[in-house]
Amino acid sequence: MTNLVEALLAGDRLALSRLLTQVENGTQDGRSALNELFQHTGNAHLVGVTGAPGVGKSSLVNQLALHFRKHSNKTIAIIAVDPTSPFTGGAVLGDRVRMRNLAGDAGVFIRSMASRGTLGGLAHATSAMVQVFDAAGFDIVLIETVGAGQAEVDIARLAHTTLVVDAPGMGDDIQAIKAGILEIADILVINKADRPGLENTERALRGMLEMAHPVKRIFQHHGKFEIAESASDEQDNTAQLWIPPIQKTIATDGTGIPELAESIGRHASYLESSGDWSLRERSRLETELDALIQDTLTNQFRSKLPEEAYDRVLVRILERELSPWEAVETLMNGRHT
Amino acid sequence: MTEKKIRVLVAKPGLDGHDRGAKVVARALRDAGMEVIYTGLRQTPEMIAEAALQEDVDAVGLSILSGAHMALAPRILELLNANGQSNVKVFLGGIIPDEDVPQLKTMGITGIYGPGTSTEDIVREIRAAVLVEPAA
């Protein structure tokens, strides 16, 4: 495994690809590789791209990557997550269809990923894969996910900058307010801006932004926003705060992409100048540590618990003899034997 | 640890625009629990080999109905080998004349499937080929 790590650090793309597999599968080899690679991480700008299916995330990621490649010498890694079928465990990962004009550029690496449906595991595997790309020296890691609730929030928490993509005609203004997903946006994108209904979508998003009180938002690991005191308390101005801009794009022809790329750059500068970058890093690593502790404890506990004992308790829950909470207590106290 | 997932790239090299077959196979592989990376139409051999490398797949399924298989298939095998991915199994579907089959197999194509092949056969053979020699 050390060989693969060395090869990766030397820029070998096959080694990178194989390590991503190990890390995604959570193998022992993958884990030791992460241990070696971790010291090389912390340099990449992690950009999350999320939004409902069909709003054009893949096309947008494609255009952004093209733009960054054309106008800077930054290297780009893309992680594109698509859902796993809950029934068969299989998946069709089709994001590459929209990213074909990135082929042949050695400064771009695209990896498709199936969500694999393990609770919390998606964010964990994604975070591990991001670390591999970060260690491999990619300047920007774009993480594209399907908009489907909590998983988005988890993955947004990984990113320094989160783009929430909407499109005209995707829902009325109540959708915009109720969906917690908009609150994770650092930049709001209205894609397909040539479609009718643009004004309504824009009005709804703008209205939502105006209703929100601008505060400095940092994720905490239990999913709430911490309202951070600004660096110097007395200057209670909002000039220091980031108000999510609304960017209009047409991903199929590239309209609005330079402005969006510029917004992403400005957000990175803002994070650095305001000190939010390190706060976000801290909360990100805290989340990861928590998740690992949870996983490890769960696995330890389950490995000591005989399968029959678990099944017996499950049957008692089914028969309404025990509530799920009582069942947990029974198992934890070892009274199941 | 998650169980080992079989990852398959399904690609359509060349210029014909008929992707129904590729989509049916992609769907069947998904329903068999595999992770299918679908690349879409009109891929060059270079694009396919690059995608196979980035996705670290166990197998590549090519759908060719244009008659260009004797040019495209060896080129893709050559690129996979050059990238150090000689362990990747390559399967071919589409309109492949019987007389070309022996030569394609000699080149290193693992399985060839014409019209009327049942998707169960394809699934079973891909799984067998990939699991015999687990990808490094």
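This is a guided tour of a predicted model with chains A and B, to be followed in a viewer.

**Chain A as a whole**

Select chain A. Its secondary structure consists of twelve helices and ten strands. Of its 337 residues, 39% are buried. Among the contacts in chain A with a separation of 6 or more, 74% are between residues 24 or more positions apart.

**Helices 9 and 10 of chain A**

Next, select residues 257-274 of chain A, which are helix 9, and residues 276-304 of chain A, which are helix 10. Their axes lie 5 Å apart, and the helices pack at an angle of about 90°. Angles of 65 to 115 degrees count as roughly perpendicular, and the two helices are therefore roughly perpendicular to each other. To see where they touch, show the side chains of Leu271(A), Glu272(A) and Ser274(A) on helix 9, and those of Asp276(A), Trp277(A) and Arg280(A) on helix 10. By class, this contact has two nonpolar, one polar and three charged residues.

**Ile246(A)**

Go to Ile246(A), which is in strand 10 of chain A, residues 246-248. Beyond its neighbours within four places in sequence, Ile246(A) contacts Leu188(A), Ile190(A), Glu202(A), Leu205(A) and Arg206(A). Now pick Gln63(A), 183 residues from Ile246(A) along the chain; the two C-alpha atoms are separated by 17 Å.

**Where chain A meets chain B**

Show both chains. The contact takes 28 residues from chain A and 28 residues from chain B. On the side of chain A that touches chain B, helix 2 (13-24), strand 3 (91-93) and strand 4 (108-114) each supply at least two residues. Which of the elements of chain A gives the largest share? Helix 2 of chain A does, with six residues. The residues on this side of chain A divide into ten nonpolar, twelve polar and six charged.

**A sheet with strands from both chains**

Stay at the contact and select strand 3 of chain A with strand 2 of chain B, residues 35-38. These two strands pair in the parallel sense over three bridges. Ala91(A) stands opposite Glu35(B).

Then widen the selection to the open sheet of six strands, in the order 3(A)-2(B)-1(B)-3(B)-4(B)-5(B), with parallel pairing. Strand 3 of chain A and strand 5 (109-113) of chain B are the edge strands, each pairing on one side only. On average, neighbouring strands of this sheet are turned by 20° against each other, direction ignored.

Inside this sheet, find strand 3 of chain B, residues 59-64, which runs parallel to strand 4 of chain B and is joined to it by six bridges. Gly61(B) stands opposite Phe91(B) in strand 4 of chain B.

**Val88(B)**

Last, select Val88(B), in the loop between helix 3 (69-82) and strand 4 (89-94) of chain B. With 25 other C-beta atoms within 10 Å, Val88(B) is buried. Leaving out residues up to four places away in sequence, Val88(B) touches Ala52(B), Val57(B), Asp58(B), Ala59(B), Val60(B) and Leu80(B). Of these, pick Val60(B): this residue is 28 residues from Val88(B) along the chain, and their C-alpha atoms are separated by 7.0 Å.

Terms used:
Residues are numbered from 1 along each chain as its sequence is written. Chains are lettered from A and ligands numbered from 1 in the order in which they are written. This is a predicted model: local features need pLDDT of at least 70, side-chain atom pairs count only at pLDDT 80 or more; totals for chains, interfaces and linings use all residues. Helices (H or I, at least four residues) and strands (E, at least two) are DSSP runs, numbered from the N terminus. Two residues are in contact if their C-beta atoms, placed from the backbone, lie within 7 Å. A residue is buried if 20 or more other C-beta atoms lie within 10 Å of its own, exposed if 12 or fewer, and partly exposed in between; C-beta atoms are placed from the backbone. Ala, Val, Leu, Ile, Met, Phe, Trp, Tyr, Cys and Pro count as nonpolar, Asp, Glu, Lys and Arg as charged, and the others, Gly among them, as polar. Two strands pair if DSSP finds at least two bridges between them. Axes are lines fitted to C-alpha atoms, for helices over the stretch in contact, and angles run from 0 to 180 degrees between N-to-C directions. Angles under 35 degrees count as roughly parallel, over 145 as roughly antiparallel, 65 to 115 as roughly perpendicular and the rest as oblique.
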